[in-house]
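User: Could you take me through how the strands and helices of this structure are arranged?

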Amino acid sequence: MLLTRYANRASLRCLQRSAPRTGPIRNSLIRRNFSAVPVAPGAASIFTEEEEALRESVRRFAETNIKPKVREMDEKQKMEPELIKACFEQGLMGIEIPTNYGGSGMTFTSACIAIEELAKADAAVSVMVDVQNTLVANAFLRWGNEEIKQKYLPALATKALGCFCLSEWGSGSDAFALQTVAEKKGDYYVLNGTKAWITNSGEADIFLVMANADPSKKHRGITTFVVEKGTPGLSIGKKEDKLGIRASSTCEVNLIDCKVPAANILGQLGVGYKIAIETLNEGRIGIGSQMLGVAQGAFDIVLPYLTQRKQVSVHTFVSVRFAAAHGIANTIETVWTTH
């Protein structure tokens, strides 16, 4: 399995020392990915040299550039602008975008690897990169015509942060229940509605907005519009005060008589629901990668601490160490299965 190939060896030894020497729990650990017993890798665990190089590069970037800033960004609830710029410079914001549009020209698997490695350091940076790649860039690549691609993909790969505006207060990510409308007026559409919990919206330059251009057709009227920052009628509302991933902006997006050119329709009129559903399918895999990274990051920090901790001359806390190791192992195994 994947984790056998790159899990921290020190953490594996900690897990072994924490587990009882015999019994059903020990036996179950031997069958898990975290056991030091060699497990023949399956097809899904074999990465190319390019992907392994990417993993190591992103890991170094996260350790050097992200980790030192995590606490401060979380306390201030703000993503550092220079860190966003650095992610672009590293090619992390256009991983699947072809090189002829200024992107890295890599694969979806590469994007998942980068998201996972970033999450080991900070889930906020990871989700920013995740949304940019698996939702925004993905939608442009799959559904954009050549004119749209030429106009927006180079910017998304090099300098423009994007966000995916689907969720609403009354519908969440249910594309079939959204209430935002788009009324056609000549060569433009006028958008009215409110989007909720939109990741990256506080810093975004490009907004993919789902709105219904023909409510009489129900979900078959839903259309995806590309709205640029600074468009009259587009504004950012309140930022959510979250319990975690606080450096990532999660805001309300308001559209009041927002005038968008008809040429800025992504895909075709009325296929927005399909764009939303198919794009979210890949986006959820990206989130799985993020959660895998978060769990692995916790695993690497907690286990060494549990073997080093001393209290009132008691050196070992076998039950506590094993409970933590077992819980984290279950978490990573579950997320990897989903991933």
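**Strands and a helix pair**

Analyst: Valine 181 stands opposite asparagine 192 in E3. This is a predicted model, in which local features need pLDDT of at least 70 and side-chain atom pairs count only at pLDDT 80 or more, while totals for chains, interfaces and linings use all residues. Residues are numbered from 1 along each chain as its sequence is written, and side-chain values use heavy atoms, with hydrogens and water left out.

User: In which sense do strand E2 and strand E3 pair?

Analyst: Strands (E, at least two residues) are DSSP runs numbered from the N terminus, as are helices (H or I, at least four), and two strands pair if DSSP finds at least two bridges between them. E2 covers residues 181-185 and E3 covers residues 188-199, with five bridges over which the sense is antiparallel.

User: Which residue in the turn of the E2 and E3 hairpin has a positive phi?

Analyst: Two residues lie between E2 and E3 in this hairpin. The one in the turn with a positive phi, of about 65°, is glycine 186.

User: How many bridges join E3 to strand E7?

Analyst: E7 spans residues 250-261, and tyrosine 189 stands opposite valine 260 in E7. E3 and E7 run antiparallel, and the number of bridges joining them is nine.

User: Where does H10 bend?

Analyst: The bend at a residue is the angle between axes fitted to the seven residues ending there and the seven starting there. For H10 this angle is about 25°, and its position is leucine 280.
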